[in-house]
Amino acid sequence: MNLSTTLEDVQATAARCLREARCTYGPWPENHPLCPMYWHEPSFTFSGGGYLFIVSALLDKKIDFNQSITDFAFSCTGCMACDSNCNIIRFHEPYVDILDIIRLLRSEAVKRGFIPEGVAKKMYDKVKKTGDYGKASSLKLPDKISSDKADTVVFAECSHTRTQKDICEAAVRLLEKIGSPISQFAERGCCGSTLYDFGFWGHLEPLAKAHWEKMKGLKDKTFVFINPHCQEFIVKRYPEILPDYSSINNQHISQLLADAFKKGKLKSKKTDKVKVSYHDPCYLGRGLKIYDAPREVLASLDGVEMVEMVRNRENSFCCGARALGNYVPNLSEDTARERIKEFEATGADLLITACAYCKDNFQNVMPGKDKAKVKDLIEFVNEHT
Amino acid sequence: MATKTMRIEREIVSSERETIFQELRKAIGAEKVRDDEITLVTYGRVRHGFDIMWPFRKPSFVVFPETREDVVETLKIANRHKFPVTSVGTAPIMLGTTEGGIILDQRRRDRILEINTDSGYAVIEPGVSFDKLTSALRGTGFKCSVGTMPGPGTVLGQALSRGSQSFSTRYLSLVLDLEVVLPDGTVFSTGSSHFDGVGSHLRYGPYPDLAGLYTCAYGAMGVITKAAIRIHPVNEAYRIHFAGFDNYSDAVDYVKDLINNNIPEHTFIWNWHMYLTWPLSPSDMEAVMPQILESDFRKPPEGTPYNLVSSFLSGYKELVDAYEKVCAKVAKKCHGRVLSDEEVEKRFPATLAGFRQQYGDYSYRESVHWSKGRFAGWYVFAEPKDMKEIEKFAVNEFSKFGKAINPVNYYSHPFDFGRSILLRIGGFPNPDDIELRKRISKKFDEMYEMALKRYRAVPIRPIGSDRAGTYMKVLRSIKKALDPNNILNRDSGLFEEGEL
């Protein structure tokens, strides 16, 4: 899907939905509920198919575009469980992901001036005012490892929250411990991921173009990403929206860490025994299919015992962070609570994730004394090496 | 007259809408009653797909009962206000809904209440899907009957709409016992559990078989809130046997012979378009579909049997070994040939994988091809010798549409030990080609007429009450007694005219 795609372009895809709610749960025989909206409010409406029906209904003039549709469109958590489990939509031309159709619906809402109140509105106001949603990262490589000639480039993502800053700082310390030369790609603007997800497509192309202009000079190097949202967007969406894009070698930092442990460049400290459970972030897992590397990293740490939550890997349950609409009240918080309940059932001491949004959302619903139970993989590895 | 009556009723509906809404919320809880525009619109077409061929009927409310009492209260309120109610399951249903009415979506009632492995039945709520039940049955030594429904489909929806699963070789109807709620709030069971403390092991008691009244009634006679359905023991050994035939007549003779000798637990006749495309994975689809889409379904390529018969053989290992030999003997007698596992694996790997899924773990996951177009199917029952003629007739009629509806998939299987044979033949027209789809619908109506007159073929779904004579008259009398205000599935299904 590109940025000029219209609702009419996805009409055939939307009409293929057979209304079975297959998009809401994982594979047989476990059949785990995976769609947070459907889990929260079991109804055809609150499934991937519900969105497809709304698109069809808009095109068939059975409903007018309004604020409710906007709130509805922004309420999806964007976990991609629908796209992973529907065995109809993704196998038939034209190939359009259900989540992309939801993003398109958001984009249409934004075009019409409908923006949900709250985070989305603030985001939109900033984008409208500055043409960007970027914020400088605190990532600064130590001279010892910094080299413009290095084959590896670390992609410095925007840093909107304290969590993201902390994760970036821990990443720098880890890169220093590994000691291999590395260069840094630091562009102050948003790569476009957030704008794409939330339908602010009008401002997206110039940002993506600016990024790519700088990135393409480095395209023979391997890009290492800390935030899976940026990585997923660049490797999957730049090809669709930038005509001159050519593929880049890319890695998530968990893959770099796993490799560093294997090569003996990173060594675990001797620490007390700790039991951890790993939460697969949606964009790293279902988005990029990176499931093993974070687990390999955890397995490389002395004293760390890994226990899986019932829903894991491609059948992971979302943290709920990216639900910005309020059509389903408390969806974001309740989703996080549901996942924490699942974590608690494992008996693990720590909940490890690999995405700042997940960490923030889990911590937001936890009582103060428990917040320290949630850690990002990078911070956790930094503490244990 | 009918139109006038309906219009008056709808005006009443409109004026009482708010009152009913408040009563429903008070009775069963606000969170179970939705009237927001987005919910109503997404329930405006409940047949599968947002298909502009089908009427768009926006309900006034969608109710999500969580208990039987929620259903009882909803029906009592609706009945008091003479307000239409349509009960639906999770997956596609065969009917439309009533404009401005209540849709009762029982998907939240999805508990498996009992798996009785002594008698062989499972008691389930209406929202239980095949995926859920087949999963729960694993390790119990029991299975569902071989499915033809997608995993997310509700077991009860399949059982009550009498999908072809219910017509399989030995299994007969899925339904043993139903718990029914009538519009006035009366609750009763149709099978043995109507006696206090008795389980659901027996469909037929000392009284008339009321479960039959609720099968293919499409919710018009009452709302089902619980069901006991038949489950079957998993035998010591099983094998899937394949035999190929150059014509349908020989394939029918073969399956009749096998059934009359108590050989297969389950058997299907497939045409070559279907057995090559039915459960295809996307990559297989890309490899196979282009050729299928361009082919004439009447003329398979050299070496590809026109029909494949799959037979599920099960029992003690010694018996299965013997059954296999019998199948080979009978195939030869009927001018067919046995296809070895190796040959099937080599030539139709996806087909074999699909069979293994169905027979091996007794589950059925939706195959991807259903969305190639909007499936248009024609289904009839007939006696074996008549069905041989009907197959030729149907194939000839379908061929008139040319490649536009490829793949043309049909399957056929004996029901009730071969007393009757089902043929389901369908194509996949482009969903956007409304003109073609209208032509197909019209053609199907003509074909049903002709098949009934010429070949004594009974349609699987109602084709107009005028053809059913006094049968419909009696049904209307029963409907009036059970649902005097005609609130249940008023505009669709059994009594399509909208009034009794």
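1. Helices (H or I, at least four residues) and strands (E, at least two) are DSSP runs, numbered from the N terminus. This is a predicted model, in which local features need pLDDT of at least 70 and side-chain atom pairs count only at pLDDT 80 or more, while totals for chains, interfaces and linings use all residues. Residues are numbered from 1 along each chain as its sequence is written, and chains are lettered from A and ligands numbered from 1 in the order in which they are written.

2. Y278(A) has I352(A) of β7(A) as its bridge partner. β7(A) also pairs in the parallel sense with β8(A), residues 374-376, over three bridges; here T353(A) is partnered by D376(A). Between β7(A) and β8(A) the chain passes through helix α16(A), residues 356-365, in a right-handed β-α-β crossover (with the strands pointing away from the viewer, the path from the first strand over the helix to the second runs clockwise).

3. Next, a helix pair in chain A. Helices α3(A), residues 48-59, and α6(A), residues 98-111, pack at about 50° with their axes 10 Å apart (axes are lines fitted to C-alpha atoms, for helices over the stretch in contact, and angles run from 0 to 180 degrees between N-to-C directions). That angle makes α3(A) oblique to α6(A); angles under 35 degrees count as roughly parallel, over 145 as roughly antiparallel, 65 to 115 as roughly perpendicular and the rest as oblique. G48(A), Y51(A), L52(A) and V55(A) of α3(A) meet I98(A), I101(A), I102(A) and L105(A) of α6(A), where contact means C-beta atoms, placed from the backbone, within 7 Å.

4. Now turn to chain B, where eight strands form an open antiparallel sheet in the order β15-β12-β14-β13-β17-β18-β16-β19. β15 (337-339) and β19 (458-459) of chain B each have a single partner strand, so one side of each is left without a neighbour in the sheet. Inside the sheet, two bridges join β13(B), residues 266-271, to the antiparallel β17(B), residues 409-415, and I269(B) stands opposite S412(B).

5. Finally, where do the chains meet? The contact takes 39 residues from chain B and 32 residues from chain A. On the side of chain B that touches chain A, α2(B) gives the most, with five residues.

Note on methods. Pairing = 2+ DSSP bridges. Contact = placed C-beta atoms within 7 Å.
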